[in-house]
2 protein chains.
Amino acid sequence: MQEDNFKVTPWEVTGKVDYEKLIQQFGTQKISESIMKDISKVSRDRMHVMLRRNIFFSHRDLDLILKDYREGRGFFLYTGRAPSMGMHIGHLVPFLFTKWLQDVFDVNVYIEITDDEKFMRNQEYTLKQTSEWAHQNILDIIAVGFNPDKTFIFKDTEYIRNMYPLVASIAKRLNFSQVKATFGLDVSSNIGILFYPAIQIVPTMFEKARCLIPAAIDQDPYWRLQRDLAESLGYHKAAEIHSKFLPPLASSDGKMSSSVPESAVYLSDPPKTVEKKIMKYAFSGGQATTELQRKLGADLNVDVPYQWLYYIFEEDDEEMKRITSEYSSGKMLTGEIKKILAQKVNELLEEHRKRRDMSEKMYSKFLYEGKLAKQMWEKIHS
Amino acid sequence: MQEDNFKVTPWEVTGKVDYEKLIQQFGTQKISESIMKDISKVSRDRMHVMLRRNIFFSHRDLDLILKDYREGRGFFLYTGRAPSMGMHIGHLVPFLFTKWLQDVFDVNVYIEITDDEKFMRNQEYTLKQTSEWAHQNILDIIAVGFNPDKTFIFKDTEYIRNMYPLVASIAKRLNFSQVKATFGLDVSSNIGILFYPAIQIVPTMFEKARCLIPAAIDQDPYWRLQRDLAESLGYHKAAEIHSKFLPPLASSDGKMSSSVPESAVYLSDPPKTVEKKIMKYAFSGGQATTELQRKLGADLNVDVPYQWLYYIFEEDDEEMKRITSEYSSGKMLTGEIKKILAQKVNELLEEHRKRRDMSEKMYSKFLYEGKLAKQMWEKIHS
């Protein structure tokens, strides 16, 4: 059926994604001018760079979220993470944006750490490993700066009892055929992974209010199951706001992956490593020689340093305009834009590491003792 | 393949079961004279009626259990129950026998109440229902008289967090194809029921010692999965001791079912109801008229009152011999043996209800505060 040169499923992103087409394929909505206006009314004209630049570009029911907010019913945010050995820049994107939404709308955030899924999905991993990764990843997430009294971070293996009655109610409404198609599973898939979709859906029902999930658009199919069954259980269909993919360092296609080290910049990479990775591996849309670059300029569509600056690192629109014009015209060379990026990345990482050093102290607040966390441990969801 | 007139799977028992053939089909062992002798050494010649009468007739690794016991490594017992609206006499069989084994060997007993399974297996049930049934069933189980400091009764929905890491390790080793074949599931089965086998297996690994499971032989296939994977996780293959099926009241075939009310005597049935059910519905092997019965005698093989007496209710071997001889010869009439049975059943039920009145007081001990229960709540199994 798909004659395009790209492929987007929750477990695979390849090729140069045509996001307009993807919106049609998935049946989601573009973020319209009127939605942007509604957000800016609440944010008092501050607008997150990822919205301004159209990185978050698609949604489901975001209009209903804003309506619920305006009319006092409120909403809540849900995101999550399958713990991995190290987090890279790409992993930060949904958390940075979620934190901004929390700041603007002053709402609860639930962050599910799927240590069970990670363990069951990979033959070679042990629970000890995934548990240690979970701890390390949580420290990185805390460093993003969520409100400790309105954010609950939980590991599935720890919070399962509180969720389990509702998990069972959801599991009862999903059969093998459904999760097979949606999650790319088959008869050789282990029963833990077959069951896991029910656990992923539960947090969308942590409150009776509507849930908004910020995530890359490849995650959308997972939530279709939720949207099919939520109302039969007395909850809202989950709303979503979708981002494009931050391209991996070494190619303008696909998405960044932890399993290809040179394609990613890790949050733990020291400045020299960041600089080396960007200078050496970052895929360039610049010309092969200085002469050609001066003459023809760079192809911004495939240039990774340019795109990283655009996506995350250069928030100043004026400065971004300058880079765009100079680099595309050939006034700026590849080495120069790479240097700009390396410096910006290192600034963000230094800031991140400073906050991360404080994370351990905040750990029990986000997981057990903050205002929201405490409430959540007292609740059995059923 | 199966040319017999009976069928035994964990979810269906039909026809007149040939237990000798079943042992061959399932590949289990007969309980041998030497095993009986070994048990009697510990029980000091007391022998449970269900062993004397060969109701518990088959096993896996019971010899290893007895060896572990003799050599000081010990073992533990595990049984369970999917809660139902009411428990009938047939449901008591494994509990009565398990209690006897606990008395003789002074070992821990774990009783899993699978409220999650019951809920997920039946579209029409609510969690509120299965939870209420769980409570009522637990009171009946407590009334059997287990040692409150060596018995832990738990509901899956409550104890799931303590089990979950180990559940995940087991789930990771079972795939759809395996549980499909063993549990009679298919692609339309809900993912909760597909996952459930991992939860059923976990209690076999509650201790490093060997686990013995007393159950009707139709449950054997469930444990084959456990036996395939237990050693890879550092645990023993579960041992089993298998009973025959108590025939339903109204037929000598199959097994008693809660869903056919007249086929079962409930633990809550008042004396008049018991008498009426037995006199009216109990399938008789006696002759159609008094004259024929006097002349030909009864067919004990199909006579349900006779079999119930033999299985459970007439523990006195001399008295049983007398009934056998008089009923098969025609000296005893159908009405007479039914009266004997009704009286015996009512005696047991009266005794049971007396003890059940005390159960509520013991409830928290078996579930939370007894010596074993306390230990279990402090443990995360991984």
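This is a predicted model: local features need pLDDT of at least 70, side-chain atom pairs count only at pLDDT 80 or more; totals for chains, interfaces and linings use all residues.
## Relation of the two chains

Chain A can be superposed on chain B with an RMSD of 0.0 Å by a turn of 180° and a shift of 0.0 Å along the axis. The two copies are thus related as by a two-fold rotation axis. Within chain A, A:Arg161 has the C-alpha nearest the axis, at 2.5 Å from it.

## The interface between chains A and B

The contact between the chains involves 29 residues of chain A and 29 residues of chain B. On the side of chain A that touches chain B, at least two residues come from each of helix H6 (115–121), helix H8 (156–171), helix H9 (176–183) and helix H10 (191–201). The most is given by H8(A), with 8 residues. Sorted by class, this side of chain A has 17 nonpolar, 9 polar and 3 charged residues.

Of the interface residues of chain A, 100% are also interface residues in chain B, so the copies meet through the same surface.

## Leu194 and the nonpolar core

The largest nonpolar core has 227 residues, and of these A:Leu194 and B:Leu194 touch the most other members. Neighbours within four places in sequence aside, A:Leu194 is in contact with A:Phe176, A:Val179, A:Leu185 and A:Ser189 in chain A.

## Burial of helix H10 in chain B

Helix H10 of chain B (residues 191–201) has 11 of its 11 residues buried, so this helix is largely enclosed by the rest of the structure.

## Crossing of helices H7 and H16 in chain A

In chain A, the axes of helix H7 (residues 127–143) and helix H16 (residues 334–369) come within 7 Å and cross at roughly 110°. H7(A) and H16(A) are therefore roughly perpendicular to each other.

From H7(A), the residues that meet H16(A) are A:Ile138, A:Leu139, A:Asp140, A:Ile142 and A:Ala143. Their partners in H16(A) are A:His352, A:Arg355, A:Arg356, A:Ser359, A:Glu360, A:Met362, A:Tyr363 and A:Phe366. By class, this contact has 7 nonpolar, 2 polar and 4 charged residues.

Technical notes
Residues are numbered from 1 along each chain as its sequence is written. Chains are lettered from A and ligands numbered from 1 in the order in which they are written. Two residues are in contact if their C-beta atoms, placed from the backbone, lie within 7 Å. Helices (H or I, at least four residues) and strands (E, at least two) are DSSP runs, numbered from the N terminus. Ala, Val, Leu, Ile, Met, Phe, Trp, Tyr, Cys and Pro count as nonpolar, Asp, Glu, Lys and Arg as charged, and the others, Gly among them, as polar. A nonpolar core is a set of buried Ala, Val, Leu, Ile, Met, Phe, Trp, Tyr and Cys residues joined through C-beta atoms within 7 Å. A residue is buried if 20 or more other C-beta atoms lie within 10 Å of its own, exposed if 12 or fewer, and partly exposed in between; C-beta atoms are placed from the backbone. Axes are lines fitted to C-alpha atoms, for helices over the stretch in contact, and angles run from 0 to 180 degrees between N-to-C directions. Angles under 35 degrees count as roughly parallel, over 145 as roughly antiparallel, 65 to 115 as roughly perpendicular and the rest as oblique. Copies are superposed by least squares on the C-alpha atoms of residues with pLDDT of at least 70 in both.
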